[in-house]
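Dear colleague,

Please find below the structure that I am handing over to you.

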Amino acid sequence: MSDFNYGGTDEESAEIKKLNAEVLENTDNFENWEKLVRAAETLEGGLNRNSSPQAIATTRDAYDRFLAKFPLLFGYWKKYADLEFSIAGTEAAEMVFERGVASITTSVDLWTDYCSFKVETSHDPDVIRELFERGASSVGLDFLAHPFWDKYLEFEDRLEAQDKIFEILSRVIKIPMHQYARYFERFRQLAHTRPLTELVDQETLARFRGEVEAEGFQSGPKGELEIEREMRTKIDNFHLETFTRTQTETTKRWTYESEVKRPYFHVTELDHPQLVNWRKYLDFEEAEGDYVRAVFLYERCLVTCAFYDEFWFRYARWMSAQPGKQEEVRNIYQRASTLYVPISRPGIRLQYAYFEEMSNRVDLAVDIHQAILERMPGHVETIVSWANLERRQNGLEAAIEVYKSQIDSPIVDLFAKAAFVVEWAVLLWKVQGSVDEARQVFQKNQQWYLQSRHFWAKYLEFELSQPTNLATEPEHYARIKKVHDDMIQESRMNLATKKELSNYYLLYLQERGTKEAMKEFLQIDRELNGPVSIQPAYLKADGNKSLENGHAAGEVDDATLRKGEVHYSTYFQQRGELPLNAAGLAAFH
């Protein structure tokens, strides 16, 4: 059976097959996707209505998968729509444009291209006007929206619809944008030819007429033409006040807009000053208090900064502070989780799970945890979060069952299991209040986790944290000493880690030890910190022992040691404030 033909020559089909394999091998590699799309576009010398069904299907499949992976690439939506127009006509192209503007609603370029396409392919002004109005609600507030507004005005110019042109200009002159001044000049010129009733609302018009007529009582009655002339002067001054306000608002925003160096999406990182500018711009717009403008700026920011978790967190938090916006918050979390933030950084998904738990959608919160674990089995933070969810909703035993199932799982590594044993013991200790049961969990499991720093640190912390008094201190000391001795003599961690953990015990001996404590203190110090020649046998490699893979028997290889050194924390503990003068590229995580 011959290989599937993707269209074109055998060589072209083989190239598509090879590029498909490269894309599937690493779906995050943007360059491989671009190569695949370019190769598909050029099948059979370039696609048209006469291309083979295989070539057309191959190209559509390449574009569909590429834009599902990277939906914010407005230029590719435009290319796809043009391609569909050449293959299948107007309706097919419109469907691609609709998918595009749904994926990247704030793209001035894509809305302008879509509306231009509609102007050229439709003969119904009302249908075209409706599309322009959709575009205006999506991108009309953009600081660089002038190409869109120019296209809208050009369309109405073709129809010689002066009333519509004046309506559009009346809206545009109030929007802070880069080219606000030229719109105002055109509006002002057009205002001289429009009836008074179109220039201002009825209430303002009546107020101006009253003022003019009142002035007439002192200088004698005025004719209707004179009244209209004076009213137009007042209206022009009124509009100049609007211009001044727009100018002021534009100037405020120019500080931030001039620093936006990449207003579009790309898979490469931004530099730190760009992120600082977006943070400051969002601070400004939030302080201005206009909900619509703040939302629009967030949406713009999340095109440029789509792969930066911090802006998704920030948007969700800000939105949650607005009254009655629960569905909007849910939408933010869903977009971040399903499209932009990779699952390898699960923090935003866990926060989404907490949001759904808060919303009494506990089953969905559990599903979110399990979806993460399908891709990252044994992920400690996610499993601890899931167990705590079960404890909150279904009680202590439900949480412990989560840990037990993970400890028994053959696909979870040893060091993750050590963390789950610790969490299990902590639940018994701090939630159930059973110190003895918690101690038994540590004691029964220590033989399995001799390489885990986390296990031994938490075991030692557990015993050091138990309350004591003069009567019970000897028993308390014996327990702590046993854990410390086992950690030093039996665990298979490196010497530096043993020294680090031993410091807690040395501090205990100083602060709570008996008259004989300093003897033990100095012995431990000598054994751990003295020269190799005086170290006890269990701390050094014995030259007489056989070697296993370059290490003394019983030692652990470097890779395993590094795994054993891992420190576990939560996504909300890992975030720190960056210095304002940070330079260079900003990593996505």
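The second largest pocket is lined by 28 residues, and Asp28, Lys69, Tyr340, Val341 and Pro342 are those nearest its centre. A pocket here is an open set of points on a 1 Å grid over the protein atoms alone, where a 1.4 Å probe fits, with protein on both sides within 12 Å along at least five of seven lines; lining residues have an atom within 4 Å of a point.

Please note that this is a predicted model, in which local features need pLDDT of at least 70 and side-chain atom pairs count only at pLDDT 80 or more, while totals for chains, interfaces and linings use all residues. Residues are numbered from 1 along each chain as its sequence is written, and side-chain values use heavy atoms, without hydrogens and water.

The lining of this second largest pocket comprises 16 nonpolar, 5 polar and 7 charged residues (nonpolar: Ala, Val, Leu, Ile, Met, Phe, Trp, Tyr, Cys and Pro; charged: Asp, Glu, Lys and Arg; polar: the others, Gly among them). Helix H17 (326-340) is among the helices that each supply at least two lining residues, and its share, 4 residues, is the largest. Helices are DSSP runs (H or I, at least four residues), numbered from the N terminus.

In helix H21 (residues 396-407), the buried residues (under 20% relative accessible area, 1.4 Å probe, protein chains only) are Leu396, Ala399, Ile400, Val402, Tyr403, Gln406 and Ile407. They lie on the same side of H21 because they cover an arc of only 150° around the axis, taken from the directions from the helix axis to the C-beta atoms.

Yours sincerely

How values were computed. Expected span 1.5 Å × (residues − 1). Buried < 20%, exposed > 50% of the residue type's maximum accessible area, 1.4 Å probe, protein only.
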